[in-house]
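Dear colleague,

Here is the structure you will be working with. My notes on what was found follow it.

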Amino acid sequence: MSDESTQTNTLASAYDPAQVEDSWYAFWEEQRLFHAEPEPGKKPFTVVIPPPNITGMLTMGHVLNNTLQDIFVRWHRLLGENAAWIPGTDHAGIATQTVVEKTLKKDEGTSRHDLGREEFLKRVWEWREKYGDIIIRQLRKLGVSCDWDRTVFTMDPELSVAVREVFIRLYKKGLIYRGKRIINWDPIAHTALSDEEVVYKEQQGKLWHIRYPVMVDGKPSENEFLVVATTRPETMLGDTAVAVHPDDERYQQYIGKTVFLPLMEREIPVVADTYVEWSFGTGVVKITPAHDPNDFEVAQRHDLERINVMNVDASINDLGGAYAGLDRYEARKRIVADLETQGFLEKIEDYTHSVGFSDRTDVAVEPYLSDQWFVSMQSLAEPALQVVRDGVVTFHPERWVKTYEHWMTNIRDWTISRQLWWGHRIPVFYCDACGWEDALQEMPAVCPKCGGADKLRQDEDVLDTWFSSWLWPFSVHHWPKDTPDLRSFYPTSVLVTGPDIIFFWVARMIMAGLEFMPDIPLPDGSPRTEAKDLVPFHDVYFTSIIRDEKGRKMSKSLGNSPDPLDVIAEYGADALRFTVAYLAPLGQDVLFSTQKCEIGRNFANKLWNAGRFLLMNKQKVEEKGEWLFRDGSWQKTDGGVDLAITSGDMELEDRWIFSRLQTTIATLHETMDKYRINDMAKILYDFIWHDFCDWYIELIKERLYSPDEKLQRITLERALHVYDAILHLLHPIMPFITEEIWHKMEPGRDGISLMVQRVPGADAALVDEQAVSRMNFLQSLVEGVRTIQGEMNVPAGKSCDVVINCQDETQVEGIRENTHFLARLAKIGSIEAAVGARRPRLSASTVVAGADVFVPLEGLIDIDVEKKRIGKEIERIAGLLKGIDSKLGNAKFVDNAPADVVEREKDKQTSFRRTLEKLHTNLQSLEND
């Protein structure tokens, strides 16, 4: 920062984000302004970052999510609260292992199996050290105020202790168990997936109808068949029954008999089960217990064999007979061909169905019978559902509560084991010598049961990545230790996340907080017994989805997602932050394009130019050497008294702007309490751009240029007071530019930051409804006259006379007291205002707050020329409207054209009709006497 004696207190002619953003961020970090420590008696405001994957790069989704979090944190820091934003990253088990395996194959031609588990994990850690913090560094470019001193990683030693502790507790309560179930299997990553990690996509497929011959006298019948329909004929290799509904009269005689399984040449029974929908298809269903979850349940009820015919890569194994070794899709082709050749294929139909894909590798998942670890969820889900129903945890927007309720009331047990090497290894240990098994923090030196040491081993699987993430709000503070941070900063205040992980993460974090936090005392040492102290957060803000202007979700594959770092380089971080906040209404998706950042950049330039104008005028006063502007007011250089900015002689525009400022402040506080960021951005935009810059600064220019130096000073002081409040209020959204201007406003602010000042509160004593009402009337008059001047082609710079027929004397008085206001802003020559004023001949008119406003046009424009111009314009617009009417009257166009095209044509039609109406009104004005 510059020395007070040399600081010029001026702003450059244009704002250049690149010149200020990196230096201010470095200053904030050097001063550790993002850091928070527990402070008894000071209200905490805590946020934990949704930890980005270490494989991740900054996306527009990250920009929106982290901008919103930063706005909340900076706002509450300005409120004087103890704001702590805890950052960190997620180890991303499947994604990271996949990346490292691909790198090994490409660079070394080896696999993890070639290296062995220990060496492979060493390589993954090396990769993480090199690349794992890229997204954290990128987030700094956005200006986020995370407490980087507290950065954690889900595989950090202390967080790993928390993961093992939770597993052990649930294991010993019987809520974690190992079982053979049908799970979702990723054939690329070779691991189980939870239901929530499967993304369903509509696919165009086939429905194959296959004949299963009925067994008669120990032989397959040549003319009696049960026909089943399937979308996955390769799984028939593992069929162990066919099923019919017990009440389906068509198949009563077959129940208890057997049919011949084509290709595999074995008999399988016909069973009756209410699972079968007899009205769907043929009413006969093939049962493949090892490859379908519903079939698995049927097999349990009927004690059927379960034959798994696939390897971990979804190729056919030795139990698949002649098809062993084939990929599942190649096997499908061969099986269908053989069925047709042997006369077992009755028909093939086109079929559209929903197919599950791994959200990690984008490959079609296989339902797969496997031994896995599960968490029993029912007892954990019930209290977690209740706290949302009771409002202990509030969702924004509220409509997500129904989605949450639906999932929580239909919850399934959570598959938590993954067949990976990278991740938290399941802390279950076995002794193969005696069969001992237990869950422990570390492997014992000898078996607690038999005393042996050479037969001890640990479970090979690792835990689902989400198993560490569900502990995030308290594991970041080193739970299960009872730490000052955990006591002070838990529960967190608000979680900002996407609705797509409401089940992955939000619901499970609520469950975890209720289950594991009762043993951690409150800051005063008293026990946590109330739900509000146990839940991990009190509010959940669900972000929008960033889409392109065509409504498509932004993705790399579509090529429709800009690189946020490129956007920041072009427009600046503040412009990007403001734009996404301005465009993101709560609960609605954001239609974004890079060009829309002009909104934020233009707003930044408007703010900068207003500050530059005020500071230039302030410097002119200070250059005379008698007065200095310090701590928000003028002070005599010889130590004399300062001026009172709210003295009773304030002009209308002063009373108005101070009143507008108070209501703006009050509304912002209310808006932020309700987490309505989009409203905050728009309120600030309207107040700063329109009220302060477009109106107030224009209105005070006459006083700033006055020879009366006292008038100059008090005018500047009031303007600077409002501008200073603006910088405080805007800082959470646009931290860089507000910090830069705030430091330029007064020398001597080196070493301190706007970030830790207090945001102003509203002063009800300065609210002046009468001034606001009168000002609104005058503004409407100006805008009305300007509109007439534009529509009637009055030459720029040419002043006009105005006659106003007022409703009452109050309006007359307001106009007469502020003729200087109207004259300068609307280029008005003379103003006649009276109750009952008559309309002059050849005048255009408008109505403002019940007052008739007339602008005589004679002498201002060539009446005949203007009449001809308007006539031609009426003909042109009428022709265009006729074409639109014809197009919209054509049923073929309306029915076949894309909906957005039809809607645009309707908008044009409405616009043309309004324009024609206005043109006819203007022409009539030129023809009146």
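**Cores**

The largest nonpolar core has 227 residues, and Phe 167, Phe 395, Phe 467, Trp 470, Met 511 and Phe 692 have the most contacts inside it. A nonpolar core here is a set of buried Ala, Val, Leu, Ile, Met, Phe, Trp, Tyr and Cys residues joined through side-chain atoms within 4.5 Å. Buried stands for under 20% relative accessible area, exposed for over 50%, and partly exposed for what lies in between (1.4 Å probe, protein chains only). Helix α21 (residues 677-704) gives the most to this core, namely 16 residues. Helices (H or I, at least four residues) and strands (E, at least two) are DSSP runs numbered from the N terminus.

Another core, of 39 residues, lies apart from the largest one; Trp 208, Val 244, Ala 331 and Leu 339 are among its members. In soluble globular proteins, nonpolar side chains tend to be buried together.

Phe 692 touches Ala 610, Leu 614, Ile 657, Phe 687, Ile 697, Ala 719, Val 722, Tyr 723 and Ile 726, with residues up to four places away in sequence not counted. Contact means heavy atoms within 4.5 Å.

**Basis of the values**

This is a predicted model, in which local features need pLDDT of at least 70 and side-chain atom pairs count only at pLDDT 80 or more, while totals for chains, interfaces and linings use all residues. Residues are numbered from 1 along each chain as its sequence is written, and side-chain values use heavy atoms, with hydrogens and water left out.

**The chain as a whole**

The chain has 29 helices and 31 strands. Its C-alpha atoms fill a box of roughly 115 × 75 × 55 Å along the principal axes. Of the 929 residues, 53% are buried. Among contacts with a separation of 6 or more, 77% join residues 24 or more positions apart.

**A helix pair**

The axes of helix α19 (residues 598-622) and helix α22 (residues 709-730) come within 10 Å and cross at roughly 145°. Axes are lines fitted to C-alpha atoms, for helices over the stretch in contact, and angles run from 0 to 180 degrees between N-to-C directions. On the α19 side the contact includes Ala 610 and Leu 614, and on the α22 side it includes Ala 719, Tyr 723 and Ile 726.

Helix α10 (residues 378-389) has 12 residues. Its buried residues are Leu 380, Ala 381, Ala 384, Leu 385, Val 387 and Val 388. They fall within an arc of 160° seen down the axis, so they line one face of α10. The arc is that of the directions from the helix axis to the C-beta atoms. The cover over these residues includes β14 (366-375), β15 (394-396), α11 (400-409), α15 (502-516) and α16 (531-534). Just after α10, Gly 391 takes a positive phi of about 80°.

In helix α25 (residues 809-817), the buried residues include Gln 811, Val 812, Gly 814 and Ile 815. These cover an arc of only 165° around the axis, which puts them on the same side of α25. Glu 809 and Arg 816 are exposed on the other side.

**Single residues**

Glu 905, in helix α29 (residues 899-927), is buried, with a relative accessible area of 7%. Leaving aside neighbours within four places in sequence, Glu 905 is in contact with Ile 884, Lys 887, Leu 888 and Phe 893.

Regards

Terms used:
Expected span 1.5 Å × (residues − 1).
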